[in-house]
Amino acid sequence: MDTMEIDDTLLYMDGNLITQVNFRRRNQILRCVTVSLGLLCAVLLCSNISQFIFYEIIHPTSGDQTQPYHNTLTQNKEKLQNDNDNLTAERDRLEISYDALSKETRQLKIILSNLTKDKDELQHYYSYLITKRNELQANFSNVKNEKDRLQTNFINLKQERDQFETNYTDMQRKLEGLQTNHNNLTATAEQLQTSYNNLQREKDALSVLFTALRVKEVQLEGNYTVLKREKDQLQRSYNSLNRNKHQTDQSYNTLRKDKEQLQTRYNTLRKEKEQLQTNYSRLTTAREELQSKVKRMTTKLSGIPCQAHWRRFDISCYFVSTLKKNWTESRKACIAEGADLLVIDSAEEQLFVNELLDKSERQNAWIGLTDTLTEGVWTWVDGTPITIEYWQPGQPNDFKSQDCGEYVSTDKGSWNDDGCFAAQNYICEK
Ligand SMILES: [Ca+2]
Ligand SMILES: [Ca+2]
Ligand SMILES: [Ca+2]
């Protein structure tokens, strides 16, 4: 069974072995035919020998009686001789064939030996293939399990594929939309490319301009720094002016209101002025009449002498004390005489008073000057302000709070401020 399987396998594996097997079978058939012909020749030879012995030795007969039989035998003998010759020729042919077949047999044996070796090798290869088949069988089981698993995965994948197909359809529609957008964008991109090229050329031109402008920019940067400083100064000035403007606006509004009030007052005053002008004209007339009267009275008074120890100048009488008092007591003494401390209101009076004192002694005397009420603001005792001044150089200096004025007799006479509590002469006027 195994051999047949092997032969089949061999035949299946190599078709040239068929010729070798046919040679082996034909060799067996030729061998059987040769043996059979040999045996047949031996049987015919034995038959001829037996007839000869029976008719010539055991049962000899006369020539007449035995002649037919002898002829028959001779014919048989000749026939057998022919058969023997034929068989011998046939045997010779068969021997030739046998030799050829023997030679072929040896060759076939060699082939058989080779085939046996091949068979062993194939047997070994067959075992290897069996082992391989078992391995493949095991692998087949694994592959089958894997196939089942893959089948499950395939079903899942198929469902996913259906889902993907649905998604694909949606994506296809989206893709078509995107394709449309892409085409639009492509057209836009081409337009943009054209614009880009134009812009590139403009950019090159602008680059040249930029370089020139860069140089200018550096120059302008320097100018900008200078201008910025000036601008900051102007800004500060502007802010200051703005504040001033605001104040000015406020002042302007105030002044406008004041102006309106003043306009009203101006109108009122204008009317009053017109009335006053009328009154002034009347008063001027009256004053001129009075001045004439005063002139006449002054002339009359100048002719009237002052009391004893008093000196006349113009319409006033003057007295220089021999006692020495402080400024306040001096004024009290003058008032007690119906006068007050001296008030100088003309250059002539200034010179007249200088003659009342002793210039060689630089005599000084209290006069009616004081800044007791407001330091530095000198007024006469009758309340009138100073119209002409004869202060010594560097006076009044308020040295240790000097608030009272004195006359110092010099070439033209001069004034000085002194401490009010100093006791000295004084000059009264009435
Ligand atoms: Ca006077
Ligand atoms: Ca003073
Ligand atoms: Ca002084």
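**Grounds for the terms**

Reply: In this predicted model, the elements of the protein follow the order α-α-α-β-β-α-β-α-β-β-β-β-β from the N terminus on. Five helices and eight strands are present.

Me: What makes residues 404–408 count as a strand, β6?

Reply: A strand is a DSSP run of E of at least two residues. Residues 404–408 are listed as β6.

Me: Why is a set of 20 residues called a nonpolar core?

Reply: The term applies because such a set consists of buried residues of kinds such as Leu and Ile, joined through C-beta atoms within 7 Å. Among the 20 residues of the largest such core, Leu341, Ile367 and Ile427 touch the most other members. Two or more residues each come from α4 (327–336), β4 (364–370), β6 (404–408) and β8 (425–429). Strand β4 provides the largest share, four residues.

Me: How do you know that Ile427 touches Leu341 and Ile367?

Reply: Two residues are in contact if their C-beta atoms lie within 7 Å. With residues up to four places away in sequence left out, Ile427 touches Tyr318, Phe319, Val320, Leu341, Leu342, Val353, Leu356, Ala365, Ile367 and Tyr407.

Me: On what grounds do 8% of the residues count as buried?

Reply: A buried residue has 20 or more other C-beta atoms within 10 Å of its own. Of the 430 residues in the protein, 8% count as buried.

Me: What is the chain like over residues 70–104?

Reply: An unreviewed UniProt entry lists residues 70–104 and 133–300 as "coiled-coil region". Over residues 70–104, the model has 100% helix and 0% strand, with the end C-alpha atoms 48 Å apart.

Conventions. Residues are numbered from 1 along each chain as its sequence is written. Chains are lettered from A and ligands numbered from 1 in the order in which they are written. This is a predicted model: local features need pLDDT of at least 70, side-chain atom pairs count only at pLDDT 80 or more; totals for chains, interfaces and linings use all residues. A residue is buried if 20 or more other C-beta atoms lie within 10 Å of its own, exposed if 12 or fewer, and partly exposed in between; C-beta atoms are placed from the backbone. UniProt positions are given in the numbering used here, feature names are shortened, and annotations may be inferred rather than shown by experiment.
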